[in-house]
Amino acid sequence: MSHRLFVAIRPSEDAMDAMFDVMDDIEDARWQDETQLHLTLRYIGEVDTPLANDIADALSRIEAPAFNLELRGLGHFSKSHWPHAVWTGVAHSPELLVLQKKVERAVVTAGCEAETRRFLPHVTLARLNRSSGPIGDWMARFGDFHAGPMRVDNFLLYESTLTPNGSHYDPVVRFPLGKKENLK
């Protein structure tokens with residue numbers, strides 16, 4: 001059996017509420033719903049069940065402190081000069097960068113190829129296509145977006161299922177951050 005996986009942080013309820021407040025005014029944008037909002041630490045892709053189990057095991061051994069994170073500003077990704085997604089960025093966070101490197105190391109140790117793309121922390125707000133309206137007015141209106149600080153005290157392994165209506169994300173395992181307790 002094959003699993004399409006990624007590792008991510010789920011935003012706090014307050015951060016999601018702030019994101020929902022700016023999800024407007026781009027014609028034909030496919031705005032993300034509450035179950036789709038996440039900050040990807042590592043996209044893994046299709047793996048078989050034994051490798052998925054090895055990945056979960058490697059991620060469970062990560063030790064990192066909980067930390068605060070702020071979402072800040074807006075941006076977009078383009079393909080062939082056409083915007084295909086709008087997102088909110090993340091204020092500089094050394095703790096986030098350390099966690100992302102630990103996640104990368106765990107995934108590679110479990111048997112996945114190393115990620116070659118640069119880590120650009122963001123939360124996708126909407127997906128766009130060529131029929132979507134212009135984004136300039138929206139960027140100008142909400143460009144000073146800010147949410148947080150939010151407490152990050154865990155990260156998750158998600159499974160993504162492709163459907164005719166887009167991707168559906170299911171949390172598979174939650175991994176706590178902070179002091180690990182020794183059980184005797």
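Let's start with Gly133 and its contacts. Setting aside neighbours within four places in sequence, Gly133 is in contact with Ile26 and Glu27. Contact here means heavy atoms within 4.5 Å. Gly133 sits in the loop between E6 and H4. Those labels are DSSP runs numbered from the N terminus: helices are H or I with at least four residues, strands are E with at least two. At 12% relative accessibility, Gly133 counts as buried. The scale is this: buried is under 20% relative accessible area, exposed is over 50%, and partly exposed is in between, with a 1.4 Å probe and protein chains only. Now look across to Val172. Gly133 and Val172 are 39 residues apart along the chain, and their C-alpha atoms are separated by 35 Å.

A word on what you are looking at. This is a predicted model, where local features need pLDDT of at least 70 and side-chain atom pairs count only at pLDDT 80 or more, while totals for chains, interfaces and linings use all residues. Residues are numbered from 1 along each chain as its sequence is written, and side-chain values use heavy atoms, with hydrogens and water left out.

Next, the salt bridges. The structure holds 7 of them. The criterion is a side-chain nitrogen of Lys or Arg within 4 Å of a carboxyl oxygen of Asp or Glu. Take Arg141 and Asp25. Their closest N and O atoms are 1.9 Å apart. What does this pair tie together? Arg141 lies in helix H4, residues 136-142, and Asp25 in the loop between helix H1 (13-21) and E2, so the bridge ties together parts that are 116 residues apart in sequence. Asp25 is partly exposed, at 44% relative accessibility.

Two more pairs. Asp57 bridges to Arg61, with the closest N and O atoms 2.4 Å apart. Asp57 is partly exposed at 41%. Arg61 counts as exposed, at 53%. Then Glu70 and Arg72: their side chains meet at 2.7 Å, N to O. Glu70 is partly exposed at 26%, and Arg72 is partly exposed at 43%. There is also a network of salt bridges, linking Arg10, Glu13 and Glu34.

On to the inside. In soluble globular proteins, nonpolar side chains tend to be buried together. By a nonpolar core I mean a set of buried Ala, Val, Leu, Ile, Met, Phe, Trp, Tyr and Cys residues joined through side-chain atoms within 4.5 Å. The largest one has 52 residues, and Met19, Leu41, Leu59, Leu99 and Phe155 touch the most other members. Which helix gives the largest share of this core? Helix H3, residues 94-110, with 6 residues. Zoom in on Met19. Leaving out residues up to four places away in sequence, Met19 touches Pro11, Leu37, Leu71, Thr88, Val123, Leu125 and Phe145. A second, separate core has 5 residues, including Phe6, Ala8, Tyr158 and Tyr169.

Now the largest pocket. Its volume is about 1100 Å³. On a 1 Å grid over the protein atoms alone, a pocket is an open set of points with protein on both sides within 12 Å along at least five of seven lines, where a 1.4 Å probe fits; lining residues have an atom within 4 Å of a point. The lining takes in 32 residues, and Thr40, Tyr43, His122, Thr124 and Arg127 lie nearest the centre. Several elements give two or more residues to this lining, among them strand E1 (2-9), strand E4 (67-79), H3 and strand E6 (122-127). The largest share, 4 residues, comes from E3. By residue class, the lining divides into 10 nonpolar, 12 polar and 10 charged.

Last, some backbone details. The peptide bond from Gly148 to Pro149 is cis, with omega near 10 degrees. Pro149 lies in strand E7, residues 146-152. Asp28 has phi near 60 degrees, a positive value in a residue other than glycine. You will find Asp28 in the loop between H1 and E2, partly exposed at 45%. Ser80 also has a positive phi, about 50 degrees, although it is not a glycine. Ser80 is in the loop between E4 and E5. Is Ser80 buried or exposed? Exposed, with a relative accessible area of 59%.

How values were computed: Points joined across faces, edges and corners; volume = space filled by probe spheres on them. Nonpolar A, V, L, I, M, F, W, Y, C, P; charged D, E, K, R; others polar.
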